[in-house]
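Hi there,

Here is the structure I promised to pass on. Could you have a look at it when you get a moment?

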Amino acid sequence: MSQPAQVTDLTHRLVPSPAGRTHLVEQGEGPLVLLVHGFPESWYSWRHQLPVLAAAGHRTVAVDVRGYGRSSRPADPAAYGMLDLVEDQVAVVRALGARTAVIVGHDWGATIAAHAALLRPDVFRAVGLLSVPYAPPGGPRPGEVFAGMGGDEELYVSYFQEPGRVEAEIEPDVRGWLAGFYAAFSAGTMPAPDAPDPHFVGRGGTLRERFPVDRLPGWLGADDLDVYAGEFERTGLVGALNRYRNMDRDWADLAEYRGRPVTQPSLFLGGSLDASTTWLTEAIRAYPTTLPGLLSSHILDGCGHWIQQERPAEVNEILTDWLAALPT
């Protein structure tokens, strides 16, 4: 099992946000680099990157996204739209006294980072995307697309969208559910290709029944799992899940940006075993049009979804090289 990264010499702070407050963790001095996590994670998912990027001369800041950790958790599900989440990131930059920042995201954080760059190019001068490729706003309504996937089974995104359904599955054993979810999408512990796909729910079933049992992925020590589980046992997962419950609202809110590229210098980094990458190969092929500023693109062979935790040394090297190559 991996040992927990050193998380000393970090500064925790709360800064004002449109929702109330954003909790962040920072290390280092220099140009600002903002790290945005995905589901179901927290600032802690960047524990391996914070000291390395700081040592490379960057003021490195990992946030708890709205709905997570010590950041505000509005009660209204509609408060978790993409426009709101982008403005949260702008508020962090402003609260830290910076004019601009590089923004890097993983999973939902990648989508937030891409839209932050799209909507606020005056603030975000470069963007790094981990695991989830950029696809411009537009196309069919997301809810209709997801409902049409899986045949007799239901895609996890649709399963998450109905309030209360997945909460009933998670809340009796948050730690166990998280352990299974992390293992299901990690290299080395994900189900075999011929096993039931954990991205889908069978009729009357649960996601958890398709998770690996009694094994943690190599990147996740028991102490690391304690950090994640402790936060979600304290806060619940409703705020985190509300991101999924705004996808059709985002589709409408971002209508004026349909088809628009992100033109800032960019980076993409995915895992060869990650469905977030393999299902969206067409989006990656479109990068000459949708990410014309792409400077670096990598697929890590044999890597799953939790890329910066599964392969921290490689990710750190790629990130530091890309950051060093950015125009100042």
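Some ground rules to begin with. This is a predicted model, in which local features need pLDDT of at least 70 and side-chain atom pairs count only at pLDDT 80 or more, while totals for chains, interfaces and linings use all residues. Residues are numbered from 1 along each chain as its sequence is written, and side-chain values use heavy atoms, with hydrogens and water left out.

Let me start with Arg66, which is found in the loop between strand 4 (59–63) and helix 2 (82–95). Helices (H or I, at least four residues) and strands (E, at least two) are DSSP runs, numbered from the N terminus. Is Arg66 buried or exposed? Its relative accessible area is 7%, so Arg66 is buried; buried means under 20% relative accessible area, exposed over 50% and partly exposed in between, with a 1.4 Å probe and protein chains only.

Gln264 sits in the loop between helix 10 (247–253) and strand 9 (266–271). Gln264 counts as buried because its relative accessibility is 8%. The side chain of Gln264 reaches the backbone oxygen of Ala117 at 2.9 Å. Beyond the neighbours within four places in sequence, the contacts of Gln264 are Ala117, Pro121, Phe124, Arg125, Ala126 and Gly293.

**Helix 15**

I also checked the length of helix 15 (residues 312–325). With 14 residues at 1.5 Å a residue, helix 15 should span 20 Å, and its end C-alpha atoms are 20 Å apart, which agrees. The expected span is 1.5 Å times one less than the number of residues. The buried residues of helix 15 are Val315, Asn316, Ile318, Leu319, Thr320, Trp322 and Leu323. Glu314, by contrast, is partly exposed at 34% relative accessibility, and its side chain meets that of Arg311 in a salt bridge (2.6 Å, N to O).

**Salt bridges**

How many salt bridges does the structure hold? There are 17, each being a side-chain nitrogen of Lys or Arg within 4 Å of a carboxyl oxygen of Asp or Glu. One of them joins Arg210 and Glu153 at 2.5 Å, N to O. Arg210 lies in the loop between strand 8 (200–201) and helix 8 (222–235) and Glu153 in the loop between helix 4 (142–147) and strand 7 (154–155), so this pair ties together parts that are 57 residues apart in sequence. Arg210 is buried, at 13%, whereas Glu153 is partly exposed, at 30%. Arg13, Glu26 and Arg59 are linked in a network of salt bridges.

**Aromatic rings**

Rings of Phe, Tyr and Trp (its six-membered ring) pair if their centres lie within 6.5 Å; planes under 30 degrees apart count as stacked, over 60 as edge-to-face and the rest as tilted. By this rule the count comes to 22 aromatic pairs. Among them is the tilted pair of Trp219 and Trp306, 6.2 Å centre to centre with 40° between the planes. This pair links distant parts of the chain, with Trp219 in the loop between strand 8 and helix 8 and Trp306 in the loop between strand 10 (294–300) and helix 14 (307–310), 87 residues apart. Trp219 is buried at 6% relative accessible area, and Trp306 is buried at 1%.

Phe268 and Tyr287 form an edge-to-face pair, 5.7 Å centre to centre and 65° between the planes. Phe268 lies in strand 9 and Tyr287 in helix 13 (residues 287–290), so the pair ties together parts 19 residues apart in sequence.

Happy browsing!

Technical notes. A polar contact is a pair of N or O atoms within 3.5 Å; within protein, one must be able to donate a hydrogen and the other to accept it, and residues adjacent in sequence count only if both atoms are side-chain atoms. Contact means heavy atoms within 4.5 Å.
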